[in-house]
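Please look at the sequence and the structure below.

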Amino acid sequence: MADRAQERDRERERERTLPRIRLDQPRMRRARLLPEYDPEAFGRLSERIARFLGTGRFLVWMTLTILVWVLWNIFAPQALKFDEYPFIFLTLALSLQASYAAPLILLAQNRQDDRDRVNLEQDRKQNERSIADTEYLTREIAALRMGLGEVATRDWMRSELQDLLKELEERNGERHGERRDLFPPDGSRRSDVPDR
């Protein structure tokens, strides 16, 4: 029993000496052995290099460099030559350039794929909104057409009024023996409001 009590006391003492981890605060940064770099800056640099590698200017400079290298090592005095005929150093330099160019081009392509994916998602959302707006407007136009079918036009109103007027004139004519045309059939009497 005494051993257990002493062991619990030691455990409590250890807990007091350890710093308490708080979940509501950010962690302290640990010291890193490797240097830190900004992946976005590195990605932008790789894209610039990949764009340059795909230009005619790069091909011209590369061709001129190789020509000067080969011609120098063929025609220069023996003491000034630095890469003899099989041009091993030139092959090594070109292999080194290719070994760096391939991953840089792949990195640039991956970044472009990510941008394309984001643009595609935005386009898809925009298309969904456009389709929803088009469907809404189609329903509204259909409702307006249905509503216009029930609206009385000026010609219909005129014909109805002429029918009523004829009926009234017939009734009045039967009583008084005379007839009066308020709406002459020749159309000489026109409205000052144009049709809509």
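Trp69, Phe82 and Phe89 form one aromatic cluster. This is a predicted model, in which local features need pLDDT of at least 70 and side-chain atom pairs pLDDT 80 or more, while totals for chains, interfaces and linings use all residues. Residues are numbered from 1 along each chain as its sequence is written, and side-chain values use heavy atoms, without hydrogens and water.

Q: How many aromatic pairs are there?
A: Rings of Phe, Tyr and Trp (its six-membered ring) pair if their centres lie within 6.5 Å; planes under 30 degrees apart are stacked, over 60 edge-to-face, and the rest tilted. By this rule the count is four.

Q: What is the angle between the planes of Phe52 and Phe58?
A: The pair is edge-to-face, with 5.6 Å centre to centre. The angle between the planes is 75°.

Q: Is Trp69 buried or exposed?
A: Buried means under 20% relative accessible area, exposed over 50%, and partly exposed in between (1.4 Å probe, protein chains only). Trp69 has 16% relative accessibility, so Trp69 counts as buried.

Q: How far apart are the end C-alpha atoms of α3?
A: Helices (H or I, at least four residues) and strands (E, at least two) are DSSP runs, numbered from the N terminus. The expected span is 1.5 Å times one less than the number of residues. For the 20 residues of α3 this should come to 28 Å, and the end C-alpha atoms agree, at 28 Å.
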